[in-house]
Amino acid sequence: MNNITTMGVFLLLLGCQKANLNSIESTDSNQYSLTPAAVVAQSKADEWRLLDAENTLYMELINGTVIIELLPNLAPLHVENTKALVRQGVFNNTQFYRVLDGFVAQGGPLFDSNNAMKPLVEGQYSVPSELTYQLDLGKHYIGFDANDGYADETGFFHSFPVGRDFKTGESWLLHCYGALGMGRGNELNSGGTELYIVIGSAQRYLDRNVTVFGRVIDGMPHIQALKRSQDLNSAVDLAQHNVIKSIHVAADLPASELKQIEVMDTGSDSFKQLLLARKNRVGEWFVYQHDYIDACAVPIPARLKR
């Protein structure tokens, strides 16, 4: 598989997390001469982790499979409820009904007189919002950027880009390219079935306004191939297009149907080297090193297990 999406990860603080900052700065200076590809190539096998099948979704579209990793640590209600709905087939044979170029693709069931809400055995059709979450991120967090305009700091947690508010102790997942969120109406707790995926540049102004609880690991070309809507305010205009054939929790599928995808551990030494390589790009083509990159511009490496 050549199109594994090493989607844009989200980088955190470099200043307020002094221990993390020191660990990055203390890396041998010759790492500045490495390209990102070279860092990945020389990484060790134990610096990668396999996706957790219980927190991975397989979305089948007409043109291919989209693999989504969920992060229950920062949005436990959304992860558990979405899996419950997935296991009851709520999203099967629905569609991406609103796809806005450079913005998001939104999909799921549309409830009306022709498609009423069916009784659920488990879960619910709307859940309380989890715009932020109070959690000690501990050793799994690496701070990166203290100059972010939307957070006191951004960094990485379990291979996801996150933002932090030091005054409240809250953290949240960033709206980077490929992020999976839950749409809602004006009512804060109205989301539950309106899945959306960021398909354009990072939509950071949505941070702390909607719940993000996962990200696409593989299959973004299939999302990008969806038919587009006319505009944000138009009526849903994609009937019969962009069909979501099914969504399954990976743990419920036969092992033979799963791709053995592994993701680089963002707490590893190689990932710290990768941050340096991304901040200071080298090679014959580059003229200037900026010593900076924002959180959503650092792809988290993913690959088939070797």
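Me: Before anything else, which definition does a salt bridge rest on here?
Reply: A salt bridge is a side-chain nitrogen of Lys or Arg within 4 Å of a carboxyl oxygen of Asp or Glu. The model is predicted, with local features requiring pLDDT of at least 70 and side-chain atom pairs counting only at pLDDT 80 or more, while totals for chains, interfaces and linings use all residues. Residues are numbered from 1 along each chain as its sequence is written, and side-chain values use heavy atoms, with hydrogens and water left out.

Me: How many salt bridges does the structure hold?
Reply: In general, side chains of opposite charge can pair when their charged atoms come close. This structure holds 16 salt bridges. One of them joins the side chains of arginine 49 and glutamate 69, at 2.9 Å from N to O. Because arginine 49 lies in strand β2 and glutamate 69 in strand β4 (residues 64-70), the pair ties together parts 20 residues apart in sequence. Helices (H or I, at least four residues) and strands (E, at least two) are DSSP runs, numbered from the N terminus.

Me: Are these two partners buried or exposed, or in between?
Reply: Buried means under 20% relative accessible area, exposed over 50%, and partly exposed in between (1.4 Å probe, protein chains only). Arginine 49 is partly exposed at 24%, whereas glutamate 69 is buried at 5%.

Me: Which residues are linked with Lys83 in a network of salt bridges?
Reply: The network links Glu54, Glu80, Lys83, Arg87 and Asp252. Lysine 83 is found in helix α3 (residues 76-87), and its relative accessibility of 2% makes it buried. The side chains of glutamate 54 and lysine 83 meet at 3.1 Å, N to O. Glutamate 54 lies in the loop between β2 and β3 (56-61), so this pair ties helix α3 to a part 29 residues apart in sequence. Glutamate 54 is partly exposed at 28%. Glutamate 80 also forms a salt bridge with lysine 83, the closest N and O atoms being 3.3 Å apart. These two residues are three apart in helix α3, and are therefore separated by about one helical turn. Glutamate 80 is partly exposed, with a relative accessible area of 47%.

Me: With which residues is lysine 83 in contact, leaving aside its neighbours within four places in sequence?
Reply: Contact means heavy atoms within 4.5 Å. On that basis lysine 83 is in contact with Glu54, Asn55, Leu70 and Val249.

Me: In what order do the three strands of the open sheet stand?
Reply: Strands of a sheet pair through backbone hydrogen bonds, either parallel or antiparallel. Two strands are taken as paired if DSSP finds at least two bridges between them. The order here is β2-β16-β18, and the pairing is antiparallel. At the edges stand β2 (48-50) and β18 (302-304), each with a single partner strand, so one side of each is left without a neighbour in the sheet. Three bridges join β2 to strand β16 (residues 261-264), and leucine 50 stands opposite glutamate 262 in β16.

Me: How many residues of strand β8 are buried?
Reply: Five of the five residues of β8 (residues 141-145) are buried, so the strand is largely enclosed by the rest of the structure. Four bridges join β8 to β9, which run antiparallel, and isoleucine 142 stands opposite phenylalanine 156 in β9.
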